[in-house]
Amino acid sequence: MAEYDYDVLVIGAGPGGYVAAIRAAQLGLKTACAESRETLGGTCLNVGCIPSKALLHASELFEEASHGALAKFGVEIEGAKLNLDQMHAEKAKAVGELTGGIEYLFKKNKVTWLKGKAAFQDSSTVTVGDQTVTARDIVIATGSVVTPLPGVEIDQKVVVDSTGALALPKVPEHLVVIGGGVIGLELGSVWRRLGAKVTVVEYLDQILPGFDGEVRKESAKLFKKQGMELKTSTKVTGVTVEGDRATVSVEPAAGGAAETLSADAVLVAIGRKPNIDGLNLEAAGVKLTDRGQVAIDHDFATNVDGIWAIGDVAPGLMLAHKAEDEGVAVAENIAGQTGIVNHDVIPSVVYTMPEIAGVGLSEEAAKEKGEVKVGKFPFMANSRAKTNRDTDGFVKVIADAKTDRVLGVWIISSLAGTMIAQAAQAMEFGATSEDIAYTCHAHPTHAEALKEAAMAVQGKPIHI
Ligand code: FAD
Ligand code: NAI
């Protein structure tokens with residue numbers, strides 16, 4: 001039998017890779033994880049989920065303190081001012097604590113961190129920096145990178161991607177965001193709250209593709225109310241930079257009169273693509289899908305025996321929790337157990353204010369599969385939202401018309417990201433809308449709106 005340096009080598013220490021490595025080690029496998037960044041945690045911890053949420057939280061506090069939003073509660077603040085350097089420093093502290101935490105977990109679980117860029121030599125041999133290692137099983141978890149916009153050069157000064165937008169040294173006067181998706185809306189919200197004029201240019205006729213139609217419309221209304229300019233059905237035809245200003249040329253997506261937008265910052269956020277750069281997958285014979293993702297089967301196995309792929313580099317939603325769950329499952333499969341991820345029940349959350357969350361099918365997608373019943377409940381009629389003066393949004397429950405099984409739940413609310421977990425759990429257990437309606441929910445909570453929306457599926461909500 002062949003001797004390997006490791007039972008398992010994971011390439012990439014993002015939420016997919018570090019979780020896979022820890023679980024593999026927990027299952028008694030000799031495990032290493034190759035990571036070329038200076039710190040562990042991948043995109044999510046270093047330049048994604050974590051720093052963006054830190055800035056979303058801080059900018060929300062600033063907006064509340066500086067715009068008199070607290071005065072109606074009797075909290076009067078005068079002279080609130082922005083210290084952007086301190087905001088960035090606190091963000092860096094959170095990132096440092098969390099990436100350091102992964103390093104601690106690696107040590108605790110005896111996962112070896114191989115520092116450097118990994119490249120396949122053959123199906124069980126990989127070089128990492130200047131060392132060569134062999135492993136019986138190899139997990140590709142190299143994540144994703146920003147999709148470039150042809151003809152638009154990212155200089156990380158005036159024209160930035162999400163990484164640059166998380167570290168702007170001053171608040172732009174006018175930030176033009178190209179792409180009305182999750183990154184554009186989250187980071188656009190951060191800089192708008194800190195004082196920038198924000199214009200979002202979106203190619204499609206609605207922001208947030210993939211979300212429920214009604215949710216997309218209502219979200220757009222709320223962002224506009226907050227002062228964000230949304231230019232939908234609009235395409236960017238070019239960006240030129242002169243000194244510290246950019247000129248963004250746009251025209252209607254369907255063709256028509258062109259116009260230009262002058263900006264001191266442009267954020268390109270038109271999606272992300274799988275990261276297979278420099279991996280030398282050809283040496284291992286690993287096949288890709290026609291969209292450039294590493295092709296896998298239901299068990300996360302590639303076409304090559306002993307090579308697996310998870311997270312953003314593989315097909316499916318590009319979300320940290322999807323990557324993490326796949327990390328657990330792939331390690332369990334490698335260990336001979338049965339690792340499963342239910343890809344039909346992966347929640348998505350946009351961490352704006354209010355938050356926008358969904359799990360399962362949109363009403364449009366559900367209707368394509370058969371007859372549905374829909375129940376909706378507005379936060380305007382939820383007592384806790386009323387006490388908090390926090391009544392934007394609604395809950396929408398979509399159920400199969402015949403079986404009543406819940407097919408999708410959508411929430412716009414300050415607490416949507418937390419509330420969606422209950423919906424995901426209910427759906428994981430195959431709940432009907434009646435199951436949710438007859439589950440006792442604590443009063444007064446935002447969560448009662450989910451119960452009422454489920455009651456509305458039967459046409460019998462109480463509080464509206
Ligand atoms: P990654 O996190 O991308 O990690 C891959 C790692 O592999 C990287 O550290 C990379 O350096 C390393 N690597 C790549 N190639 C090699 C190689 N050849 N050798 C060695 N190492 C290599 N998702 C959410 O669920 N919630 C959020 O709030 C959220 N916010 C986000 C905000 C932003 C601004 C961005 C950009 C993304 C956000 N995401 C969020 C998405 C989330 O970050 C990704 O879905 C997640 O990080 C994917 O995890 P992963 O393990 O597949 O890959
Ligand atoms: P996205 O796919 O969410 O949105 C990109 C948007 O750009 C789409 O609306 C698309 O129609 C639009 N677009 C594409 N080409 C365009 C063009 N040429 N001109 C104008 N608009 C154009 O991608 P985004 O925002 O870059 O985020 C990438 C991924 O990162 C997300 O899909 C998500 O998986 C992940 N992410 C998740 C977060 C979360 O869970 N809260 C936060 C941030 C990112």
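Helix 3 contributes five residues to the lining of the second largest pocket, the most of any element. The structure is a predicted model, in which local features need pLDDT of at least 70, side-chain atom pairs count only at pLDDT 80 or more, and totals for chains, interfaces and linings use all residues. Residues are numbered from 1 along each chain as its sequence is written, chains are lettered from A and ligands numbered from 1 in the order in which they are written, and side-chain values use heavy atoms, with hydrogens and water left out.

**Second largest pocket**

- The space in this pocket amounts to about 880 Å³; a volume is the space filled by probe spheres set on grid points, which are joined across faces, edges and corners.
- A pocket is an open set of points, on a 1 Å grid over the protein atoms alone, with protein on both sides within 12 Å along at least five of seven lines, and its lining residues have an atom within 4 Å of a point.
- Of the 23 residues that line the second largest pocket, Glu64, Ala69, Met353, Arg389 and Asp390 lie nearest its centre.
- Helix 3 and helix 6 (182-193) are the elements that give two or more residues to this lining; helices (H or I, at least four residues) and strands (E, at least two) are DSSP runs numbered from the N terminus.
- The lining comprises six nonpolar, seven polar and 10 charged residues, where Ala, Val, Leu, Ile, Met, Phe, Trp, Tyr, Cys and Pro count as nonpolar, Asp, Glu, Lys and Arg as charged, and the others, Gly among them, as polar.

**Ligand 1**

- Ligand 1 is surrounded by 39 residues, the closest being Gly16, Glu35, Thr43, Lys53 and Ala118; a residue is near a molecule if one of its heavy atoms lies within 4 Å of it.
- At least two shell residues each come from helix 1 (15-26), strand 2 (31-35), helix 2 (42-47), helix 3 (49-66) and helix 9 (320-334), and helix 2 supplies the largest share, four residues.
- The shell holds 16 nonpolar, 17 polar and six charged residues.
- Polar contacts are pairs of N or O atoms within 3.5 Å. An oxygen atom of ligand 1 lies 2.7 Å from a polar side-chain atom of Glu35.
- A nitrogen atom of ligand 1 lies 3.3 Å from a backbone N or O atom of Ser36, and a polar backbone atom of Cys49 is 3.4 Å from a nitrogen atom of the ligand.
- The protein buries 94% of the 990 Å² that ligand 1 exposes when taken alone; such areas come from the Shrake-Rupley method with a 1.4 Å probe.

**Ligand 2**

- Glu186, Glu202, Gly271, Met318 and Val349 come nearest among the 22 residues around ligand 2.
- Helix 6 provides the largest share of this shell, three residues, and the shell has 14 nonpolar, four polar and four charged residues.
- A polar side-chain atom of Glu186 lies 2.9 Å from a nitrogen atom of ligand 2, while a polar backbone atom of Tyr203 is 3.2 Å from a nitrogen atom of the ligand.
- A backbone N or O atom of Val182 lies 3.3 Å from an oxygen atom of ligand 2.
- Taken alone, ligand 2 exposes 840 Å², of which the protein buries 78%.

**Cavity**

- The structure holds one cavity of 30 Å³ or more, a cavity being a set of grid points where a 1.4 Å probe fits but cannot get out.
- The largest cavity contains about 40 Å³ of space, and its lining consists of Val146, Ser162, Ile183, Val268, Ala269, Ile270, Gly271 and Arg272.

Notes. A polar contact is a pair of N or O atoms within 3.5 Å; within protein, one must be able to donate a hydrogen and the other to accept it, and residues adjacent in sequence count only if both atoms are side-chain atoms.
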